[in-house]
Amino acid sequence: MKFIFLPYSATGHVLPMMKVAGELVRNGAEVQVIAGESFRSDVETAGARLTAPAVEHAVRVPPGRSPRELSERARLWRDRQQAWRATKDSLAAELLLDSGAVCVLDPHVSWAVGFVHSLAVPAIPFWTTHTRRPGRWGPALVNLLPDLLPAPLPRAPGVHLVGPLTGDLSRAGSACDWRGGAERMIVASPGTVFERRARFFRKIIDDFAAHPNWTVVLASPRVDPAELGEIPCNIHVRQWIPQTALLRLADVFVTHCGINSVHEAITAGVPMFLAPRSPEQRRTAHRLRQLGIGVPLPRAGLAEAAEALSSDQAVRSRLDHLRERALAARGAERAAEVLLDLADRAYGSSCAPFSFGTR
């Protein structure tokens with residue numbers, strides 16, 4: 001059986017899909033991935049084969065709406081449209097070469113599911129975060145621990161919540177000796193898409209400068225650490241950090257509330273300060289507050305607030321419960337089982353595909 005994966009070309013979308021792709025490969029399936037060249041290592045680590053469209057685009061959102069930033073947003077939008085045209089060409093070519101494939105598609109690529117359905121090819125939506133339209137296209141996968149489902153959103157038939165899809169991938173890295181001899185560690189990461197200004201990082205640095213009992217690790221993907229001025233020796237600023245490994249050592253996590261980061265924090269049992277940027281991230285933050293495992297990032301006194309949060313036994317107890325559920329979820333295995341079952345239903349012995357859903 002062959003699967004064609006089409007992720008949205010951003011790290012937080014590609015890596016969860018590759019966890020499932022790797023599990024399918026281990027079950028004897030062939031997996032083709034259509035994504036940018038920058039993801040070749042992740043795809044090949046999963047045992048899949050990459051088709052890189054002729055055009056790749058950057059997935060990022062400038063931090064503000066100044067004339068310069070609005071111009072940059074417009075340029076990024078144009079680049080995305082151009083890249084998506086190249087991606088559609090690559091997908092169409094793959095489907096012409098292999099009429100017996102099942103497509104696993106990220107609905108954030110807004111044209112993908114409808115396009116594949118128009119070709120009468122089985123298409124399975126794979127939401128890498130909350131689904132906004134559960135069941136619209138029939139069966140679907142959602143990278144979401146069921147406990148994180150926003151309360152008003154119904155559980156639609158055929159929608160499989162298979163998260164968390166996290167773990168050691170090619171980018172996981174090692175935590176080495178980042179913590180040093182400090183009593184506590186806080187990790188702060190704003191994610192790779194929604195940019196933060198330098199003052200966001202400077203504020204955290206200043207709050208912890210007088211607290212050498214804390215090691216602080218900051219990820220500043222779009223801000224050069226050299227722009228941040230003097231940095232105390234207990235604070236490490238890098239444009240990339242081994243987040244998965246560091247969270248195993250951390251006492252507190254400052255997060256943008258991207259679902260992969262939240263899953264990693266829950267799996268590591270780390271309480272969270274919440275600093276969302278997008279509507280989706282704000283929904284996640286609201287749910288984390290309801291669950292009692294995260295609180296809004298304070299405007300002042302972050303070091304004192306971190307001390308209180310990391311010592312809160314009620315928060316730790318709630319995290320322990322969710323951590324057990326997350327570790328027992330078998331996300332990638334369950335997702336692969338669902339996909340193999342749906343593929344078997346789609347083709348069966350007749351090899352004649354049927355559509356899982358309609359527009």
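A residue is termed buried under 20% relative accessible area, exposed over 50% and partly exposed in between, the area being computed with a 1.4 Å probe on protein chains only. By this criterion Cys 257 is buried, because its relative accessibility is 0%. The model is a predicted one, in which local features need pLDDT of at least 70 and side-chain atom pairs count only at pLDDT 80 or more, while totals for chains, interfaces and linings use all residues. Residues are numbered from 1 along each chain as its sequence is written, and side-chain values use heavy atoms, with hydrogens and water left out.

The protein contains 11 helices and 13 strands, these being DSSP runs numbered from the N terminus (H or I over at least four residues for helices, E over at least two for strands). Of the 359 residues in the protein, 55% are buried. Contact is taken as heavy atoms within 4.5 Å, and among contacts between residues at least 6 apart in sequence, 61% join residues at least 24 apart.

Helix 1 (residues 11–26) and helix 11 (residues 331–347) have axes that come within 8 Å and cross at roughly 65°, where axes are lines fitted to C-alpha atoms, for helices over the stretch in contact, and angles run from 0 to 180 degrees between N-to-C directions. The crossing of helix 1 and helix 11 is right-handed, a term used if the near helix is turned clockwise from the far one by less than a right angle, anticlockwise being left-handed. Helix 1 contributes Lys 19, Val 20, Glu 23 and Leu 24 to the contact, and helix 11 contributes Ala 332, Glu 333, Ala 335, Ala 336, Leu 339 and Leu 340. Classified by residue type, this contact comprises seven nonpolar, no polar and three charged residues, with Ala, Val, Leu, Ile, Met, Phe, Trp, Tyr, Cys and Pro counted as nonpolar, Asp, Glu, Lys and Arg as charged, and the others, Gly among them, as polar.

Four aromatic pairs are present in the structure, a pair being rings of Phe, Tyr and Trp (its six-membered ring) with centres within 6.5 Å, described as stacked for planes under 30 degrees apart, edge-to-face for over 60 and tilted for the rest. One of them joins Tyr 8 and Trp 84, whose ring centres are 6.2 Å apart and whose planes stand at 75°, so the pair is edge-to-face. This pair links distant parts of the chain, 76 residues apart, with Tyr 8 in the loop between strand 1 (2–6) and helix 1 and Trp 84 in helix 3 (residues 67–97). Tyr 8 is buried at a relative accessible area of 12%, and Trp 84 is likewise buried at 11%.

A charge is said to sit over a ring if NZ of Lys or CZ of Arg is within 6 Å of the ring centre and within 35 degrees of the ring normal. The charged end of Lys 88 sits over the ring of Phe 115 at 5.2 Å from its centre, and that of Arg 196 sits over the ring of Phe 200 at 4.4 Å.

Backbone geometry was also examined. Most residues other than glycine have a negative phi, and most peptide bonds are trans. The peptide bond joining Gly 163 and Pro 164 is cis, with omega about 5°. Positive phi values occur at Cys 257, near 75°, and at Arg 330, near 50°. Cys 257 is located in the loop between strand 11 (252–255) and helix 7 (259–268), whereas Arg 330 lies in the loop between helix 10 (313–328) and helix 11 and is partly exposed at 37% relative accessible area.
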